[in-house]
Amino acid sequence: MKTPRKTLLMMSLLLSMPLFAGIEGDAERGRTAAAVCAACHQADGSGMHIPGGESWPRLAAMDAGYMYRQLVDFREGRRTNASMMPFAAMLTDQQLKDVSVYYSQLPATPGQGGKDAAADLLKLGQRLVEQGDWERYIVPCGSCHGPASQGAGSNFPGIAGQHAGYIERQLLDWKQGKRDNDPQHLMLAIAERMTEQDIRAVAAWLSTLPAQ
Ligand code: HEC
Ligand code: HEC
């Protein structure tokens with residue numbers, strides 16, 4: 001029998017572990033379940049940049065654990081979006097794991113929406129992404145999102161090669177208090193220090209970078 005002391009130690013170890021580190025899912029079953037997702041995220045998981053409308057994020061090659069947590073957050077209402085919530089609620093928990101594993105194994109597709117941006121906007125975006133702006137406490141994106149902002153584990157999603165319209169929407173949602181499901185409000189703290197021009201700039205620049 002375990003002593004209470006040991007049980008406590010075990011509990012604190014469990015609590016300090018990342019919540020959805022390794023998820024168990026089946027890519028083949030995921031492919032079937034993902035049929036209902038293709039209308040927006042496309043059959044190859046590429047999503048779409050929709051100028052002036054609601055862009056659909058690329059899911060191909062995103063981290064499975066990250067996607068699963070976002071799906072659970074949509075289902076539980078911690079992350080809100082009218083287009084997405086019904087689809088997260090439609091699948092069983094196992095199917096959410098299966099589709100996450102399925103999309104994570106698809107090859108990355110190119111980001112859209114930044115190529116035709118003005119040169120000075122792209123330059124501002126590159127500077128903020130790579131160096132940040134220390135006077136305004138804007139930290140370089142890669143210090144959390146991994147080398148070249150291509151992602152680090154299940155907590156820090158890849159943002160390089162994501163569509164400009166989607167990146168811009170997320171940053172504006174954090175700035176305006178509409179998205180707040182991120183751990184420790186790390187993203188809110190950054191987005192609130194960025195101007196709308198900064199946000200357009202980083203979104204355009206990141207969409208031109210390779211995802212992997
Ligand atoms: C009607 C269009 C539509 C359909 C169908 C749809 N989605 Fe989405 N999805 C979106 C939009 C729009 C977003 C971005 C939501 C936001 O801005 O918060 C999104 C976001 C996501 C995200 C979060 C991505 C990230 O990087 O944070 C995941 C994961 C996802 N969808 C998976 C799915 C899966 C799995 C299905 C099918 C079961 C599905 N979606 C069906 C429109 C759709
Ligand atoms: C202090 C760490 C940190 C820094 C620095 C940071 N981020 Fe993030 N970012 C996060 C975390 C954590 C998440 C995941 C939020 C969640 O779990 O819902 C995230 C998520 C995002 C997302 C949503 C991606 C998706 O697919 O849902 C975007 C877009 C984003 N960050 C953009 C940026 C940009 C642009 C910068 C640089 C200006 C930046 N981040 C710097 C921690 C950081």
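Predicted model: local features only at pLDDT ≥ 70, side-chain atom pairs only at ≥ 80, totals over all residues.

The domain assignment places domain 1 at residues 11-104 and domain 2 at residues 119-207. Where they touch, 17 residues come from domain 1 and 14 residues from domain 2. On the domain 1 side of this contact there are 8 nonpolar, 4 polar and 5 charged residues.

UniProt, in an unreviewed entry, lists "domain: Cytochrome c" for residues 25-107 and 120-210. Residues 25-107 are 51% helix and 0% strand, with end C-alpha atoms 18 Å apart. For residues 120-210 the values are 51% helix and 0% strand, and here the end C-alpha atoms are 20 Å apart.

Now to ligand 1. There are 21 residues around this ligand, and the nearest of them are Cys37, Cys40, Met67, Asn81 and Phe87. Two helices each give two or more residues to the shell: H3, residues 38-41, and H4, residues 64-76. Sorted by class, the shell around ligand 1 holds 15 nonpolar, 4 polar and 2 charged residues.

Cys37 sits in the loop between helix H2 (27-33) and H3. Cys37 is also part of a record: the unreviewed UniProt entry annotates Cys37, Cys40, His41 and Met84 as "binding site". These four span 48 residues in sequence, but no two of their C-alpha atoms are more than 10.6 Å apart, so they gather at one spot. Of these annotated residues, Cys37 and Cys40 are also listed among the nearest to ligand 1.

Ligand 2 has its own shell. Around this ligand are 23 residues, of which Val139, Cys141, Cys144, Asp182 and Leu186 come nearest. Helix H7 (119-131), helix H8 (142-145), H9 and helix H10 (186-191) each contribute two or more residues to the shell. The shell around ligand 2 divides into 17 nonpolar, 5 polar and 1 charged.

One of those helices, H9, also packs against another helix. Two packed helices are described by the angle between their axes and the distance between the axes. For H9 (residues 164-175) and H11 (residues 196-207), the axes come within 8 Å and cross at roughly 145°. The crossing of H9 and H11 is right-handed. On the H9 side, the contact is made by Ala164, Ile167, Glu168, Leu171 and Leu172, while H11 supplies Ile199, Arg200, Ala203, Ala204, Leu206 and Ser207. By class, this contact between H9 and H11 has 8 nonpolar, 1 polar and 2 charged residues.

Note on methods. Residues numbered from 1 in each chain as written. Chains lettered and ligands numbered in written order. Near = placed C-beta within 6 Å. Helix = DSSP H or I, 4+ residues; strand = E, 2+ residues; numbered from the N terminus. Nonpolar A, V, L, I, M, F, W, Y, C, P; charged D, E, K, R; others polar. Axes fitted to C-alpha atoms, helices over the stretch in contact; angles between N-to-C directions. Left-handed = near helix turned anticlockwise from the far one by under 90°. Contact = placed C-beta atoms within 7 Å. UniProt positions renumbered as here; feature names shortened; annotations may be inferred. Domains from an automatic or database assignment.
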